[in-house]
Structure formats: structure tokens, C-alpha cells
Amino acid sequence: MLEHTLNSSASIFCIGISGSITSRNMVRALMCLELVLNAVNINLVTFSNFLDDSQIKGEVFSIFIISIAAAEATIGLAIALAIHRNRESTRIDQFNLLKW
């Protein structure tokens, strides 16, 4: 069971990394970043259950990561919406609006 969970988590992580590297759309890049964080959460819960079943350290760290991911998604989508209102595009390579 441990190998299957780690393999699926690694595949989700690789999909998230490759998607965030190759995507040109900011919303898609944020979704791929969420995939990476979810893969980390799966690893934390898996190792927490595998190493010590009586303590819930991995689950507590997963809750922190989920809250950080929610804040990241909120701020990222707010920035994307603000840039889309000004530029009519959410392409990452056209984001020179925030430069000084």
C-alpha cells in the first residue's frame, strides 16, 4: 500500500511540476502548483500513518499546507484578475505590469 501511494503521489507531483513549467496561463500554473502541494500532503499523511499510527503529526502539517494553499490561491487569483482587467490577458509571459 505504501508503494502505491508514493507512486501516485510522485506522479501527481511530476504532473504539477511539468504543468507549472510549461503553462503560459496563470490560472493553469496556479492549478499545477495546487497539484504539487496536494502531492506533498499525500506524502505527509502516508509517512505519518506508516511510521507512527498513534500520532497525527503528518495530518497536522497537511492542514497547515492546505491553509497556505488556500491563501496562495486567493492571492494568486486576485492578482490574475487584476492583471486581466488591465491587460485582457492572463498569459505569464506578458506580465510586465508589476515591474517598476
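1. Cysteines. The closest cysteine sulfur to that of cysteine 14 belongs to cysteine 32 and is 12 Å away, which is too far for a bond. Cysteine 32 is likewise in no disulfide, and the structure holds zero disulfides, a disulfide being a pair of cysteine sulfur atoms within 2.5 Å. In general, such a link is a covalent bond between the sulfur atoms of two cysteines. Cysteine 32 is buried, at 9% relative accessibility; buried means under 20% relative accessible area, exposed over 50%, and partly exposed in between, with a 1.4 Å probe and protein chains only.

2. Basis and confidence. This is a predicted model, in which local features need pLDDT of at least 70 and side-chain atom pairs count only at pLDDT 80 or more, while totals for chains, interfaces and linings use all residues. Residues are numbered from 1 along each chain as its sequence is written, and side-chain values use heavy atoms, with hydrogens and water left out. The chain has a mean pLDDT (the predictor's confidence in each residue, from 0 to 100) of 88, and 93% of its residues reach 70 or more. Confidence is highest in helix H1 (residues 2-22), at a mean of 95, and lowest in H3, at 88. Helices are DSSP runs of H or I with at least four residues, strands are runs of E with at least two, and both are numbered from the N terminus.

3. Isoleucine 42. This residue sits in helix H2, which covers residues 26-51. Isoleucine 42 is partly exposed, with 29% relative accessibility. Not counting residues up to four places away in sequence, it touches Thr5, Ser9 and Ile12, where contact means heavy atoms within 4.5 Å. Between isoleucine 42 and alanine 80 there are 28 Å in space, C-alpha to C-alpha, and the two are 38 residues apart in sequence.

4. Threonine 46. Helix H2 also holds threonine 46, which is buried at 12% relative accessibility. With neighbours within four places in sequence left aside, threonine 46 is in contact with Leu2, Thr5 and Leu6. Glycine 58 is 12 residues from threonine 46 in sequence and 7.9 Å from it in space, C-alpha to C-alpha.

5. Serine 62. Helix H3 spans residues 57-87 and includes serine 62. The relative accessible area of serine 62 is 5%, so the residue is buried. Its contacts, leaving aside neighbours within four places in sequence, are Asn41, Leu44 and Val45.

6. Isoleucine 56 lies in the loop between H2 and H3 and is exposed, with a relative accessible area of 55%. Leucine 2 is 54 residues from isoleucine 56 in sequence and 17 Å from it in space, C-alpha to C-alpha. Together with Val60, Phe61 and Phe64, Ile56 forms a nonpolar patch on the surface, with about 410 Å² of accessible area. One of these residues, phenylalanine 61, is in helix H3.

Note on methods. Patch = residues over 30% accessible without salt bridge, like charges linked within 9 Å, V, L, I, M, F, W, Y side chains within 5 Å. Areas by Shrake-Rupley, 256 points an atom, 1.4 Å probe, with all protein chains shown as cover. Salt bridge = Lys/Arg side-chain N within 4 Å of Asp/Glu carboxyl O.
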